[in-house]
Amino acid sequence: MLKSRLIPLWAALLLLFGGSLGHTANVSTQSPPQADKAPPLEGSKTVHLVSLFWPPYVGKELPYGGIDTELIRQTLAEEGLRLQVDFMPWPRALAMFETGTVDGIYPEYPERGDKHTHCAMSNAYRTTVLSIAESVRKPLEWKETSDLSRYRLGIVRGYLNTPQFDSLVANGIITAEVEPTDVINLRKVAAQRIDGALIDPEVFRYLIESDVSLQPLRDMIALNPQPLADRTLHICFHDDARGRTLRRIFHAGLEQRGLGQPEKSDPQIPQQAISE
């Protein structure tokens, strides 16, 4: 399993924007491989993306729109482009992307490319983990994903989890309750209304520290020590001439930052914002 070499993202975010500590991006000092030169971009130099509230990665109320938004903004800025992001509930974001009115949607898992009608999936810009939040009083015991069939688990509407897990849910082997947010699922875990909830560990840590409704419950829920899977995060650009050009430009920017490969997709904390 890939391990982050940095401090937890929620802690880094609080330190960074609290002004007590700054972090520079972990950019490779070696010259990156030469990317294929993208053709000139036709149309607006503003890249219009859509996303959701998934802290600390993305969110309208987060500083600079979240650490993923800032990473993408800086990457595009290095290639001479500006970023505009609309934040909304994930099902609505997915629907908006499908209409073709925006250039792309993020963060996406790689298998979403097969679910969208038109998706030009970017290289990974980050590697993260999918875990399970559980009750401290009743920890889960499992080894294989199929072992989770003995539990009732919470998932978020519209989210992909893992292909195997989602298949087992679709076939009725794993019982899953669907809610609109991670916060609701965590409350249900604390009340033992469900046995566990699938969640990114950095999202879990951020919500536990920052959501007022969860703070009294922080000693009642924890992350199961066994992760469900490693996950990579991507931008799904619209699969047309403009979208494919934006993807190549984004890849060039990632290479300039020493990113774009799974082993180099550790969380990057922005040193300073690039004004739009």
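The protein has 7 helices and 10 strands, where helices (H or I, at least four residues) and strands (E, at least two) are DSSP runs numbered from the N terminus. This is a predicted model, in which local features need pLDDT of at least 70 and side-chain atom pairs count only at pLDDT 80 or more, while totals for chains, interfaces and linings use all residues. Residues are numbered from 1 along each chain as its sequence is written, and side-chain values use heavy atoms, with hydrogens and water left out. Of the 276 residues, 50% count as buried, a word that stands for under 20% relative accessible area, with exposed meaning over 50% and partly exposed in between (1.4 Å probe, protein chains only).

**Contacts and cores**

- Among contacts (heavy atoms within 4.5 Å) between residues at least 6 apart in sequence, 74% join residues at least 24 apart.
- In soluble globular proteins, nonpolar side chains tend to be buried together.
- A nonpolar core is a set of buried Ala, Val, Leu, Ile, Met, Phe, Trp, Tyr and Cys residues joined through side-chain atoms within 4.5 Å; the largest one here has 53 residues, and Ile72 and Tyr125 have the most contacts inside it.

**Helices α2 and α7**

- Helix α2, which covers residues 67–77, is mostly covered, since 10 of its 11 residues are buried, among them Ile67, Ile72 and Leu76.
- Phe250 belongs to helix α7 (residues 241–256), and this residue counts as buried because its relative accessible area is 0%.
- Although Phe250 and Ile72 are 178 residues apart along the chain, their C-alpha atoms are separated by 8.3 Å.
- When neighbours within four places in sequence are left aside, the contacts of Phe250 are Ile72, Thr75, Leu76, Ser122, Tyr125, Ile235 and Phe237.

**Buried residues in strands**

- Ser51 is part of strand β1 (residues 46–51) and is counted as buried because its relative accessibility is 0%.
- A polar atom of the Ser51 side chain lies 2.7 Å from the backbone oxygen of Tyr106; a polar contact is a pair of N or O atoms within 3.5 Å, where within protein one must be able to donate a hydrogen and the other to accept it, and residues adjacent in sequence count only if both atoms are side-chain atoms.
- Beyond its neighbours within four places in sequence, Ser51 is in contact with residues including Val58, Phe87, Trp90, Tyr106 and Pro107.
- Ser131 sits in strand β5 (residues 126–135), and it counts as buried because its relative accessibility is 6%.
- Residues up to four places away in sequence aside, Ser131 touches Ala197, Leu198, Ile199, Pro201, Leu223, Pro227 and Leu228.
- Gly196 lies in strand β8 and is buried because its relative accessibility is 0%; Gly196 and Ala222 are 26 residues apart in sequence and 9.6 Å apart in space, C-alpha to C-alpha.

**Cavity and pocket**

- On a 1 Å grid over the protein atoms alone, a cavity is a set of points where a 1.4 Å probe fits but cannot get out, whereas a pocket is an open set with protein on both sides within 12 Å along at least five of seven lines, and lining residues have an atom within 4 Å of a point.
- The structure holds 1 cavity of 30 Å³ or more, and the largest cavity has a volume of about 220 Å³, a volume being the space filled by probe spheres set on the points, which are joined across faces, edges and corners.
- The largest cavity is lined by 18 residues, of which Trp54, Pro107, Tyr109, Tyr159 and Leu160 lie nearest its centre.
- The second largest pocket has a volume of about 320 Å³, and of the 19 residues that line this pocket, Leu52, Phe53, Tyr159, Pro180 and Thr181 are the closest to its centre.

**Backbone details**

- The peptide bond from Pro55 to Pro56 is cis, with omega near 5°, and Pro56 lies in the loop between β1 and α2.
- The peptide bond from Tyr106 to Pro107 is also cis, with omega near -10°, and Pro107 is found in strand β3.
- Tyr64 is not a glycine, yet it has a positive phi of about 60°; Tyr64 lies in the loop between β1 and α2 and counts as partly exposed because its relative accessibility is 40%.
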